[in-house]
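Here is a short briefing on one protein chain. Look at the sequence and the structure first, then read the points below.

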Amino acid sequence: GNSAKHTAARLGVLRSAVAKAAEFCGSLVVDSAIATISELIEEVEQCRGVAKEGQLRPLPGQSVESCSLLLASAVRAIESLKPQLVSAATNKNGSQVGFTAREIGNNLRTIVQAVCGLAALSETEESRETIFSSGLDALRRCEVLLTASKLVLDGLTAVEESGLLDAAEALSEALRALLSCLPGQVEFDRVLKELEETSSSVLSALAPPKDPTPYSALEEALATAAASVTSAVSNLLASIRGGAKEEVGVASLAQLHRDLLTAGVAVAAATQTDEEREKVLSQLRVFSDCSQRLVLALKTASVEPGSG
């Protein structure tokens with residue numbers, strides 16, 4: 001009986017020692033990953049310097065498309081690793097924190113390779129500088145996140161846990177900004193902004209009709225605008241399936257969206273009852289929301305492997 005108790009006690013001590021060693025090793029791996037990020041920041045700064053001298057060239061085989069796909073793939077990988085890191089740190093799982101930190105570091109190497117490639121392939125100094133600054137911001141945010149995870153590992157307090165969550169959110173914002181540097185993404189952002197502004201301005205500008213246009217004519221104008229949108233969306237999706245880039249043709253949706261909302265609001269203003277008016281406006285809001293979701297989906301698809 002006693003020997004069994006002693007054995008169990010020794011095993012308990014051993015398990016505790018192994019757990020502490022794993023936690024310590026995990027912390028060392030995080031330190032190594034943080035050091036790697038410092039090196040990667042230096043690498044990007046060097047590329048930036050070479051670019052300012054007009055000497056930056058893409059590596060053999062690098063293209064805008066290959067660099068864009070590499071960048072998008074690495075960003076997605078880091079986004080999926082991020083919650084694993086936060087969870088492992090909060091649960092004091094040192095070995096898992098170490099493993100995740102190492103994987104994040106590996107994906108950051110890929111991001112740096114893609115950033116320098118895209119910068120070398122950029123046609124303007126402004127776009128080159130944007131990709132460099134966005135890449136550096138993502139690296140620094142990642143460094144903050146890994147440092148925060150180490151603080152939580154070393155001694156969890158509410159302040160440290162809150163800092164970890166804030167660092168994770170800040171990294172997500174930086175990664176989104178980095179993806180927005182990719183070719184075509186600026187066009188999507190412009191169209192999305194235009195859709196939002198149109199929805200806000202047109203749907204709030206409900207006023208009685210100034211001219212005595214017959215209600216049937218207003219309905220016909222709305223039907224025509226709706227048919228134009230339907231046709232444009234169908235053509236856009238067909239061209240994408242045929243290999244066209246997602247951003248090609250998306251700009252035309254913004255004007256068609258405005259035309260449909262304007263026609264719809266004219267119909268709403270001419271309706272006889274508040275109930276009917278609200279029904280029309282409700283449908284227009286749904287349409288507007290769907291338009292924005294479509295453009296967002298196309299924006300996401302444009303950086304997916306195999307797109308375009």
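What percentage of the residues in the protein chain is buried? Buried residues make up 39% of the 308 residues; buried means under 20% relative accessible area, exposed over 50%, and partly exposed in between, with a 1.4 Å probe and protein chains only. This is a predicted model, in which local features need pLDDT of at least 70, side-chain atom pairs count only at pLDDT 80 or more, and totals for chains, interfaces and linings use all residues. Residues are numbered from 1 along each chain as its sequence is written, and side-chain values use heavy atoms, leaving out hydrogens and water.

**Overall build**

- The protein chain has 9 helices and 0 strands. Helices (H or I, at least four residues) and strands (E, at least two) are DSSP runs, numbered from the N terminus.
- Along the sequence, the pattern reads α-α-α-α-α-α-α-α-α.
- Take the contacts between residues at least 6 apart in sequence: 82% of them join residues at least 24 apart. Contact means heavy atoms within 4.5 Å.
- The chain exposes about 16,200 Å², and carbon and sulfur atoms supply 56% of that area. Accessible areas come from the Shrake-Rupley method with a 1.4 Å probe; for residues, only the protein chains shown count as cover.

**Nonpolar cores**

- In soluble globular proteins, nonpolar side chains tend to be buried together.
- The largest nonpolar core has 53 residues. A nonpolar core is a set of buried Ala, Val, Leu, Ile, Met, Phe, Trp, Tyr and Cys residues joined through side-chain atoms within 4.5 Å.
- The residues with the most contacts inside this core are L71, L108, I111, F132, L139 and L146.
- Two or more residues each come from α1, α2 (64-90), α3 (94-121), α4 and α5 (158-179). Helix α3 gives the largest share, 12 residues.
- F132 touches V44, C47, R48, A51, L56, V115 and A119, leaving aside residues up to four places away in sequence.
- Another core lies apart from the largest one. This second set has 28 residues, among them V191, A225, A232 and L260.

**Salt bridges**

- The structure holds 12 salt bridges. Each is a side-chain nitrogen of Lys or Arg within 4 Å of a carboxyl oxygen of Asp or Glu.
- K150 pairs with D31, with the closest N and O atoms 3.5 Å apart. This pair links distant parts of the chain: K150 sits in helix α4 (residues 125-154), D31 in helix α1 (residues 2-52), 119 residues apart.
- K150 is buried at 19% relative accessible area, whereas D31 is partly exposed at 34%.
- R141 and D137 form a salt bridge at 3.4 Å, N to O. They are separated by about one helical turn, because they lie 4 residues apart in helix α4.
- E278 and R285 also meet in a salt bridge, at 3.0 Å, N to O. E278 is partly exposed at 39%, and R285 is partly exposed at 42%.
- A network of salt bridges links E45, R48, E129 and R140.

**A helix pair**

- Helices α8 (residues 250-270) and α9 (residues 274-301) pack at an angle of about 175°, with their axes 9 Å apart. Axes are lines fitted to C-alpha atoms, for helices over the stretch in contact, and angles run from 0 to 180 degrees between N-to-C directions.
- The two helices are therefore roughly antiparallel, a label for angles over 145 degrees.
- The contact includes L253, H257 and L260 of α8, and L281, L284 and F287 of α9.

Technical notes: Angles under 35 degrees count as roughly parallel, over 145 as roughly antiparallel, 65 to 115 as roughly perpendicular and the rest as oblique.
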